[in-house]
Protein chains: 2
Amino acid sequence: MTDFAATRRLFHLPEGMIYLDGNSLGPLPVAAEARVRDVLAREWGGELIKAWNSADWINLPAQVGDRIGRLIGAPVGSVATGDTLSVKVFQALAAALALRPERKVVLSDTGNFPSDLYIADGLLKALGGGLELRLVAPEDVADAIDDSVAVTLITEVDYRTGRRHDMAGLTAKAHAAGAIAVWDLAHSAGAIPVDVTSADADFAVGCTYKYLNGGPGAPAFIYVAPRFAECARPILSGWMGHEAPFAFDLDYRPHRSVERMRVGTPPVLALAVLDAALDAWEGVSMADVRAASIRLSERFIAEVEARCPDLTLASPRDPAMRGSQVSFRHPQGYAIMQALIANTVIGDFRAPDLVRFGFTPLYLSEDAVVDAAKVLERVMRERLWDDPAYATRSAVT
Amino acid sequence: MTDFAATRRLFHLPEGMIYLDGNSLGPLPVAAEARVRDVLAREWGGELIKAWNSADWINLPAQVGDRIGRLIGAPVGSVATGDTLSVKVFQALAAALALRPERKVVLSDTGNFPSDLYIADGLLKALGGGLELRLVAPEDVADAIDDSVAVTLITEVDYRTGRRHDMAGLTAKAHAAGAIAVWDLAHSAGAIPVDVTSADADFAVGCTYKYLNGGPGAPAFIYVAPRFAECARPILSGWMGHEAPFAFDLDYRPHRSVERMRVGTPPVLALAVLDAALDAWEGVSMADVRAASIRLSERFIAEVEARCPDLTLASPRDPAMRGSQVSFRHPQGYAIMQALIANTVIGDFRAPDLVRFGFTPLYLSEDAVVDAAKVLERVMRERLWDDPAYATRSAVT
């Protein structure tokens with residue numbers, strides 16, 4: 001049984017703040033501070049260039065990749081880390097398209113994170129040749145998979161409502177139609193049990209600054225199914241994905257593993273922080289996390305619906321259909337969230353009218369969830385949101 | 001007059017180590033440690049998601065870009081930061097090619113950093129359409145520029161020998177032939193005076209972990225000439241390059257500035273370290289740095305040639321033709337460098353036979369350079385390199 005009282009002590013959480021935004025940026029792991037000091041003073045400061053060997057910086061991306069792999073059902077040696085999620089989406093989609101050169105359609109849905117669609121748009125425009133990004137409503141994805149589809153590019157959990165796609169089912173449908181399945185696990189990894197192997201995903205990508213608590217702009221990851229590890233074409237063919245980067249050959253020769261998806265010099269400091277953050281998952285069962293997440297979110301929904309009749313649940317009511325977040329709709333959603341934040345409950349707003357809350361059992365208790373609902377009740381009852389200060393949106397919400 | 005005694009105090013340098021590898025990884029800036037503690041404890045730890053606004057994380061990439069811009073002659077608002085140099089090469093080359101769709105040749109040279117060639121190879125293979133990477137010897141680049149060339153992709157300073165290309169001259173030649181000039185400044189920024197504006201470069205990219213001391217795997221930068229800022233096509237069209245990232249529109253609309261070259265969520269911790277590292281350049285004149293760099297490297301060459309007759313200078317003898325590094329050839333170069341490192345002088349080896357030394361006046365004194373030559377003399381005279389322990393190459397050299 002996972003000891004969530006113990007995992008809670010592994011994170012810094014400001015006194016008096018109820019943090020329901022771990023789906024956007026996880027909190028600071030206590031272990032990160034000592035690790036960063038060590039990387040700066042002892043490794044970089046004391047060893048300088050020698051630290052690539054002496055501190056094994058060169059293998060840090062693979063080590064961290066394997067730790068993430070354990071959380072998403074990926075075998076050792078099948079996850080590479082580095083760059084940002086956008087770059088990894090680009091690589092995965094390009095590699096997938098190269099496996100189906102005779103087909104022209106990338107299928108995605110309007111519930112996908114817009115950045116994934118932007119990346120697909122940029123890639124398809126550059127490649128030309130009649131490639132098309134076909135967008136359907138989330139509920140129409142399954143029916144839209146046919147033998148014109150080269151690649152399905154789907155985010156498992158909707159960033160707005162938490163609605164969850166059937167990863168295994170859609171992958172099977174894609175494979176039956178001869179398509180390659182690329183999955184974005186940004187709101188899945190560390191949030192819900194994921195098994196890329198049993199779901200038979202071809203490629204999967206994700207970020208680590210949400211449920212994995214790697215810090216703002218932490219490195220991303222990419223999984224390549226072992227069957228494609230030696231043939232996937234890395235469009236971003238950088239020197240760290242070369243079979244022998246330090247031979248400095250003029251010709252590119254991809255590494256015979258997922259390492260080919262590495263691009264440039266790895267971000268050592270950020271990887272070290274992520275590595276320290278992943279310590280919190282040692283001994284943690286994702287089944288326990290899932291059970292606790294459902295308990296927390298169900299309780300929150302019940303409390304909010306009882307206390308705030310003006311808010312409408314935007315997430316699926318069935319917890320099996322959700323990731324680890326819950327959203328409500330209200331025309332004044334933006335101002336409501338600003339008022340909540342001013343009153344120490346941190347969630348976030350997503351256009352046009354969603355207030356969004358993430359549930360992270362590693363550091364969130366049921367008491368805190370109930371307290372958050374009480375503050376939300378006060379914001380609604382006393383119309384605390386009706387303040388001119390909350391009318392203007394800032395750049396980042 | 002730049003006070004190099006003062007700048008030296010801004011860096012941690014291990015007692016007893018002579019560091020001549022700042023062209024590979026700059027040393028730890030003293031200011032980085034406090035800055036990182038602040039980002040972790042106060043910003044991430046204390047503010048969590050709110051820090052995107054309250055600590056202005058969202059604008060950090062642009063602020064750091066402008067500071068780098070001052071070192072390379074780029075106007076405010078023309079440099080974006082993030083990702084790795086490989087990713088930025090990919091973006092610059094793709095954007096440049098899109099400006100010359102009717103041409104098929106990317107011209108580079110065999111002295112370019114292999115990673116740039118790998119990236120070009122990956123991009124051109126993906127784009128297809130008869131695009132060709134044409135490689136010539138470095139001394140033949142000027143003559144090879146003709147009206148078949150879409151883009152020149154040139155690294156100003158050769159990573160092996162320090163040989164320097166004529167940036168303004170080759171750019172003028174490229175423009176006269178109707179080509180777009182992309183410059184890699186990896187071994188230039190912070191090493192020598194660079195002026196992308198007077199050289200009329202179209203795109204320029206660089207890394208920040210060498211002469212700019214940003215740390216292992218620090219974020220890269222990209223300069224886009226203002227004339228292309230609103231039309232360059234960002235093939236990696238990520239959400240942070242969107243005109244309104246937080247509108248979460250389904251359609252991509254590039255930012256009307258160099259910000260369109262941003263891709264994913266910025267690496268805040270790494271950018272903060274880089275920002276702290278750039279403090280060391282405040283009040284520093286690049287002309288002074290250049291004069292000091294020439295003094296150091298001329299002295300080193302004179303001392304080594306007098307003391308070590310078996311080593312052959314591989315760098316141009318004329319300092320005007322060099323960046324801020326010097327290399328010597330010897331068939332036992334690898335073992336010689338290992339012996340040097342074991343005797344506290346840190347340079348590096350580059351295949352097949354180069355021992356390489358970087359000169360960084362911000363923290364390197366003339367006395368240290370002479371001492372390094374004396375150690376090298378001892379390594380050669382006493383054949384300290386002739387040790388079985390130095391025969392096998394490690395993964396990273």
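Predicted model: local features only at pLDDT ≥ 70, side-chain atom pairs only at ≥ 80, totals over all residues.
Two bridges join β9 of chain B to strand β10, residues 325-329 of chain B, and the two strands run antiparallel.

The pairing belongs to an open sheet of four strands in chain B, ordered β9-β10-β13-β12, in which the pairing is antiparallel. At the edges of this sheet stand β9, residues 312-313, and β12 of chain B, each of which pairs on one side only.

The peptide bond that joins B:Ala351 and B:Pro352 is cis, with omega at about 0°. In chain A, a cis peptide bond likewise joins A:Ala351 and A:Pro352, with omega about 0°, and A:Pro352 lies in the loop between β12, residues 348-350, and β13 of chain A.

Let me turn to the other sheet of chain B. Seven strands make up an open sheet in the order β2-β8-β7-β6-β5-β3-β4, and the pairing here is mixed. Which strands stand at its edges? They are β2, residues 79-82, and β4, residues 132-136, of chain B, and each has a single partner strand, so one side of each is left without a neighbour in the sheet. From one strand to the next, the twist averages 20°.

Within this sheet, β5, residues 149-155, and β6, residues 180-184, of chain B pair in the parallel sense over five bridges, and B:Thr152 stands opposite B:Ala181 in β6(B). Two helices that lie across strands of this sheet deserve a look. Helix α4 of chain B, residues 60-72, lies across β2, β7 (203-206) and β8 (220-224), and runs at about 120° to β2(B). Helix α5 of chain B, residues 85-99, lies across β3 (105-109), β5, β6, β7 and β8, running at about 170° to β7(B).

Now to chain A as a whole, which has 13 helices and 13 strands. Its C-alpha atoms fill a box of roughly 70 × 55 × 45 Å along the principal axes. For 397 residues, a compact globule would have a radius of gyration near 21 Å, and the 22 Å of chain A agrees with that.

The domain assignment divides chain A into domain 1, made of 4-28 and 285-388, and domain 2, made of 56-281. The centres of these two domains of chain A are 29 Å apart, and their contact takes 26 residues from domain 1 and 19 residues from domain 2. On the domain 1 side, α11 (286-307), β10 (325-329) and β13 (354-358) of chain A each supply at least two residues. By class, that side of domain 1 has 11 nonpolar, 11 polar and four charged residues.

One backbone detail in chain A is worth a moment. A:Asp200, in the loop between α9 (196-199) and β7 (203-206) of chain A, has phi near 65°, which is a positive value in a residue other than glycine.

Finally, how are the two chains arranged? A rotation of 180°, with 0.0 Å of shift along its axis, superposes chain B on chain A with an RMSD of 0.0 Å. The two copies are thus related as by a two-fold rotation axis. Which residue of chain B comes closest to the rotation axis? That is B:Leu127, whose C-alpha lies 2.6 Å from it.

The contact between the chains takes 72 residues from chain B and 73 residues from chain A. On the chain B side, α2 (30-47), α3 (51-54), α5, α6 (114-127), α9 (268-278) and β12 (348-350) each supply at least two residues, and α6(B) gives the most, with nine. By class, this side of chain B has 46 nonpolar, 19 polar and seven charged residues. Of the interface residues of chain B, 100% are also interface residues in chain A, so the copies meet through the same surface.

Note on methods:
Residues numbered from 1 in each chain as written. Chains lettered and ligands numbered in written order. Domains from an automatic or database assignment. Contact = placed C-beta atoms within 7 Å. Nonpolar A, V, L, I, M, F, W, Y, C, P; charged D, E, K, R; others polar. Least-squares fit on C-alpha atoms with pLDDT ≥ 70 in both. Pairing = 2+ DSSP bridges. Axes fitted to C-alpha atoms, helices over the stretch in contact; angles between N-to-C directions. Rg over C-alpha atoms; globule rule 2.2 N^0.38 Å.
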